[in-house]
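Subject: Structure handover

Hello,

Here is the structure I promised you. My notes follow below it.

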Amino acid sequence: APIEVIDKAMRVIEALADAPEGLSLQALTERAGLAKSTVHRLLGTWIDLGYASRTPAGGYAVGLAVLE
């Protein structure tokens with residue numbers, strides 16, 4: 001179900017994009033409506049690729065690769 005994976009990924013990206021100040025993992029899972037493990041796994045990949053980053057407060061935000 002590649003479509004399902006893309007849907008989940010887009011829900012997380014959209015939630016991050018709507019919160020430029022960043023979001024905690026809990027807030028992100030609530031906004032995206034997904035399991036914490038799913039969001040955490042997606043974030044790990046995106047951080048490695050630069051599409052997400054950690055905030056100084058320990059949350060997550062859109063990474064610089066999104067702007068390139």
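**The Asp 7–Arg 11 pair**

Arg 11 counts as partly exposed, at 32% relative accessibility. Here buried means under 20% relative accessible area, exposed means over 50%, and partly exposed is in between (1.4 Å probe, protein chains only). Asp 7 is partly exposed too, with a relative accessible area of 39%. The two side chains meet in a salt bridge, 3.0 Å from N to O. A salt bridge needs a side-chain nitrogen of Lys or Arg within 4 Å of a carboxyl oxygen of Asp or Glu. By that rule the count comes to 1 salt bridge. Asp 7 and Arg 11 are 4 residues apart in helix α1, so about one helical turn separates them. Helices (H or I, at least four residues) and strands (E, at least two) are DSSP runs, numbered from the N terminus.

**Model and confidence**

This is a predicted model: local features need pLDDT of at least 70, side-chain atom pairs count only at pLDDT 80 or more, and totals for chains, interfaces and linings use all residues. Residues are numbered from 1 along each chain as its sequence is written, and side-chain values use heavy atoms, with hydrogens and water left out.

pLDDT is the predictor's confidence in each residue, from 0 to 100. The protein averages 93, and 100% of the residues score at least 70. Confidence is lowest in α1, at a mean of 92. It is highest in α2, at 96.

**Helix α2**

Helix α2 covers residues 25-32. Which of its residues are buried? They are Leu 25, Leu 28, Thr 29 and Ala 32. Seen down the axis of α2, these buried residues fall within an arc of 100 degrees, so they line one face of the helix. The arc is that of the directions from the helix axis to the C-beta atoms. The face turned away from the buried side carries the exposed residues Glu 30 and Arg 31.

What do the buried residues of α2 pack against? Their partners are α1 (2-17), α3 (36-49) and β2. Contact means heavy atoms within 4.5 Å.

Take Thr 29, which lies in α2. Its relative accessibility is 6%, so Thr 29 counts as buried. Leaving aside neighbours within four places in sequence, Thr 29 is in contact with Leu 34, Ala 35, Lys 36 and Val 39.

Gly 33 follows α2, and its phi is positive, near 70 degrees. Gly 33 lies in the loop between α2 and α3. Its relative accessibility is 52%, so Gly 33 counts as exposed. The C-alpha atoms of Gly 33 and Val 12 are separated by 8.8 Å, with the two residues 21 apart along the chain.

Ile 47 sits in helix α3. At 32% relative accessibility, Ile 47 counts as partly exposed. Neighbours within four places in sequence aside, Ile 47 is in contact with Ala 52, Ser 53, Arg 54 and Tyr 60. Ile 47 and Tyr 60 are 13 residues apart in sequence and 9.2 Å apart in space, C-alpha to C-alpha.

Gly 63 lies in the segment after β2. Is Gly 63 buried or exposed? At 3% relative accessibility, Gly 63 counts as buried. Not counting residues up to four places away in sequence, Gly 63 touches Gly 50, Tyr 51, Ala 52 and Ser 53.

**Nonpolar surface patch**

Leu 49, Tyr 51, Val 62, Leu 64, Val 66 and Leu 67 make a nonpolar surface patch of about 600 Å². Patches are made of residues with over 30% relative accessible area and no salt bridge: like charges are joined within 9 Å, nonpolar side chains (Val, Leu, Ile, Met, Phe, Trp, Tyr) within 5 Å. Accessible areas come from the Shrake-Rupley method with a 1.4 Å probe; for residues, only the protein chains shown count as cover.

Val 66 is found in the segment after β2 (60-62). Val 66 is partly exposed, with a relative accessible area of 40%.

Best wishes
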